[in-house]
Amino acid sequence: MSNARVYDIEIFPNYLLISFYEPETKQFNDFEFWETGKPQDIKPLNEYLKGIETLIGFNSQYFDNHIIIELRKTKSVKAAKELSDSLIGKRAGKRPVYLTKKDFDVLGILDRKASLKQFEARMGFSKVLESPIPFDTQVLPGQTEKIKDYCHNDILATYELWQSKTVQDKLRA
């Protein structure tokens, strides 16, 4: 799938990571935002998103996309985290939102109520990781590589699920 990106976010009180994986090149593009009390520079993220035709995520239409839209609107990690916490309390957004015309949510395609970790375990994924840092904790600069590893692992699991026969058969139906 040309120009497709698989993505995920990780959000903490003072840090937001938005990561995209390009299957054709096997490269990750990470956008990091730190809460500083000042508006975030989101121009690089906006420019990057303009060039993407297809997005693939896991529970992305009910969670990740809401967070990205909030960041783009408010330019605030704090506001994005507050929305994140409220969505988690409600078990994610009530309505799906889309960032591109072709915006696929693997969880929605599977139409199941399982977590990505449960799918990873069922698939025999080699690494099933939990966040190395609690999501209500302030992130230190030296902890970001562990967060990226965790996020990238989730993205690769999402991509593997996307490529699975079950998902592809549902897309053809």
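Contact here means heavy atoms within 4.5 Å. The model is predicted, so local features need pLDDT of at least 70 and side-chain atom pairs count only at pLDDT 80 or more, while totals for chains, interfaces and linings use all residues. Residues are numbered from 1 along each chain as its sequence is written, and side-chain values use heavy atoms, with hydrogens and water left out. Helices (H or I, at least four residues) and strands (E, at least two) are DSSP runs numbered from the N terminus.

- Phe-12 belongs to strand E1 and is buried, at a relative accessible area of 1% (buried is under 20% relative accessible area, exposed over 50%, partly exposed in between, with a 1.4 Å probe and protein chains only).
- Leaving aside residues up to four places away in sequence, Phe-12 touches Val-77, Lys-81, Ser-131, Ile-133, Pro-134, Phe-135, Thr-137, Val-139 and Ile-147.
- Glu-35 is 23 residues from Phe-12 in sequence, and their C-alpha atoms are 9.5 Å apart.

**Aromatic pairs**

- The whole structure holds 11 aromatic pairs (rings of Phe, Tyr and Trp, the last by its six-membered ring, with centres within 6.5 Å; planes under 30 degrees apart are stacked, over 60 edge-to-face, the rest tilted).
- One of them is the stacked pair of Phe-12 and Phe-135, at 5.1 Å centre to centre and 25 degrees between the planes.
- This pair links distant parts of the chain, 123 residues apart, with Phe-12 in E1 and Phe-135 in the loop between H5 and H6.
- Phe-135 is partly exposed, with a relative accessible area of 34%.
- Tyr-15 and Trp-34 form a tilted pair, because their ring planes are at 50 degrees, with centres 4.7 Å apart.
- Tyr-15 in strand E2 and Trp-34 in strand E3 (residues 27-34) are 19 residues apart.
- Tyr-15 is buried at 0% relative accessible area, whereas Trp-34 is partly exposed at 27%.
- Phe-12, Tyr-15, Trp-34, Phe-135 and Tyr-150 make up one aromatic cluster.

- E1 and E2 run antiparallel and are joined by 7 bridges (strands pair if DSSP finds at least two bridges between them).
- These two strands form a hairpin with 2 residues between them, and Ile-9 has Ile-18 of E2 as its bridge partner.
- The E2–E3 hairpin has 4 residues between its strands, and Lys-26 in the turn has a positive phi of about 60 degrees.
- E2 is largely enclosed by the rest of the structure, because 8 of its 8 residues are buried.
- Tyr-15, Leu-17, Ser-19 and Tyr-21 point one way from E2, and Leu-16, Ile-18, Phe-20 and Glu-22 point the other way.

**Helix H1**

- Helix H1 (residues 43-50) has Leu-45, Tyr-48 and Leu-49 as its buried residues.
- These residues lie on the same side of H1, because they cover an arc of only 95 degrees around the axis (the arc is that of the directions from the helix axis to the C-beta atoms).
- The face turned away from that side carries the exposed residues Lys-43, Glu-47 and Lys-50.
- The buried residues of H1 pack against E1, E2, E3, strand E4 (54-57) and helix H2 (60-74).

**Nonpolar cores**

- The largest nonpolar core has 25 residues, and Phe-58, Val-106, Ile-147, Leu-161 and Trp-162 have the most contacts inside it (a core is a set of buried Ala, Val, Leu, Ile, Met, Phe, Trp, Tyr and Cys residues joined through side-chain atoms within 4.5 Å).
- The largest share of this core, 7 residues, comes from H6.
- Another core, of 22 residues, lies apart from it and includes Ile-11, Ile-18, Ile-42 and Leu-87.
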